[in-house]
Amino acid sequence: MKKLTTLLAATAIATLMAGTAWSKTFVFCSEGSPEGFDPGLYTAGTTFDAAAHTVYSRLLEFKKGTTETEPGLAESWTISDDGLEYTFKLRPGVKFQTTEFFTPTRELNADDVIFSIERQWKSDHPWHGYVSGGSWEYFAGMGLPELLESVEKVDDMTVKIKLKRKEAPFLANLAMPFASIMSKEYADKLQAEGKMNQLNQMPLGTGPFAFVGYQQDAVIRYKAHPDFWGGKQKIDDLVFAITTDAAVRFQKLQAGECHLMPYPNAADVEAMKADPNLKVMEQAGLNVAYLAYNTTQAPFDKVEVRKALNKAINKQAIVDAVFQGQAQPAVNPIPPTMWSYNEQIEDDTYDPEAAKKMLEDAGVKDLSMKVWAMPVARPYMLNARRAAELMQADFAKVGVKVEIVSYEWAEYLEKSKAKDRDGAVILGWTGDNGDPDNFLDTLLGCDAVGGNNRAQWCNKEFDDLVTKAKEASDVAERTKLYEEAQVIFKREAPWATLDHSLSIVPMRKNVEGFVQSPLGDFAFDGVDIVE
């Protein structure tokens, strides 16, 4: 049955890719299956690519290839003198997608914006707990429940958002996937029919592509939104051919079975560059990979144990084996290309003998631990299993026994959040808005414990600094605060920082208009296939 399903999926992709004389089909060999299609519920780039960057739009968008914001569904906005009130004028004439499962009767208005925010914010909202019991990880992890004072409808095309305090990255945050604008009309229909879960299974928005269907773990199909506010796309149909093995993605790319792929094996990059039918884009990634200890569980609740384990890891060996020179060992929790990166901080030196003595001095003997290895390739970690095996060997040298565990991707992400999780988890992050806050607060702030903060680490000194930095408007002041926060992070070692990688995107030579994003996302608006 599995072989038949695979054959049917492959046949469907080939048929779609062939298209017709009057249509263009673009096939993206994606690396994994989405957790769902409601971007407010998740934090993984795989899910964002399948939902936020296809089906949905936001009040603000990031300019292609940059971390600068520009008007999206809001054509303009004003900010009060005290920095606490943001008034957004909505773009007129924005149409929601018409699909087989819903036909909208009106255009975008303020009700949609208010619905999209309040469902994540207010615990008594009828949509707050429709999936995952009201777990809006990104919204909560960034402290928005405590930041928002009110969201008001001034008129049908004007929304005013009031904050309790200044928040320097607030506008950039509104351009992020979790802030995608939903159709309240569609949500109301689903609620009335008792089909609320369908919002996460059959998405509908104002983005460049409308959702057509999803064959679990195989194919996602979209069609161009003919009335997209940014103009109809040059490609008529978009297909995500889910292909978890990087080598198989490369084979499909070479064979012309897909037009573009993410996260190639490092060993394949030179062959890709030499293939006359392909072209390869690359740039420094705005990312970090890390090993997060559960700092609430013994013996990882002791900083001296975490520091000892960090000294036992040969990060250069991991970079060499997994990335073959297309990455660098990480020192800090933010990438060196990001403003406020603290260049004065020295990394933990690789010193197994010192690590062994530190463990002995801490009273730790015969330690057995689990290292969690991601089942999918991400830009910051192309092969987590290989990295885990290298760390397993490193830890064995200092008397620590390691069991490597893994789960299916969605389960891995969910289970690794648990406050009582055992061992240490390999994960990473690609910045979603170009602001240090998106790393330091989102991944390490106290509000993110039980969510994005996989180390379950809440340090008041660190948290006060990043909170103060969010409220400051002067970049120099923010930089100083973030530099101080990085010193505390390195001193306390909730993670072993592993690497910052290059972002490499191979594609067929006839693909035009694709712009590589510093935020690591894959968006196909503006893309064309030229024969």
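The model is predicted: local features need pLDDT of at least 70, side-chain atom pairs count only at pLDDT 80 or more, and totals for chains, interfaces and linings use all residues. Residues are numbered from 1 along each chain as its sequence is written, and side-chain values use heavy atoms, without hydrogens and water.

**Stop 1: two helices.** Select residues 110-121, helix α3, and residues 184-192, helix α7. Helices (H or I, at least four residues) and strands (E, at least two) are DSSP runs, numbered from the N terminus. The two axes come within 9 Å and cross at roughly 60°. Axes are lines fitted to C-alpha atoms, for helices over the stretch in contact, with angles from 0 to 180 degrees between N-to-C directions. Now show Asp111, Asp112 and Phe115 of α3 with Lys184, Glu185 and Ala187 of α7; these make the contact (heavy atoms within 4.5 Å).

**Stop 2: the largest cavity.** A cavity is a set of points on a 1 Å grid over the protein atoms alone, where a 1.4 Å probe fits but cannot get out; lining residues have an atom within 4 Å of a point. Select Ile117, Phe139, Leu174, Phe178 and Ala179. Of the 14 lining residues, these are the closest to the centre. Helix α3 returns here, giving the most to the lining with three residues.

**Stop 3: the second largest cavity.** Select Pro264, Leu382, Leu502, Ser503 and Ile504, which lie nearest its centre among 13 lining residues. Then select strand β17, residues 495-508. This strand supplies the largest share of the lining, five residues.

Technical notes:
1 Å grid on protein atoms, 1.4 Å probe; cavity = no way out; pocket = protein on both sides within 12 Å on 5 of 7 lines; lining within 4 Å.
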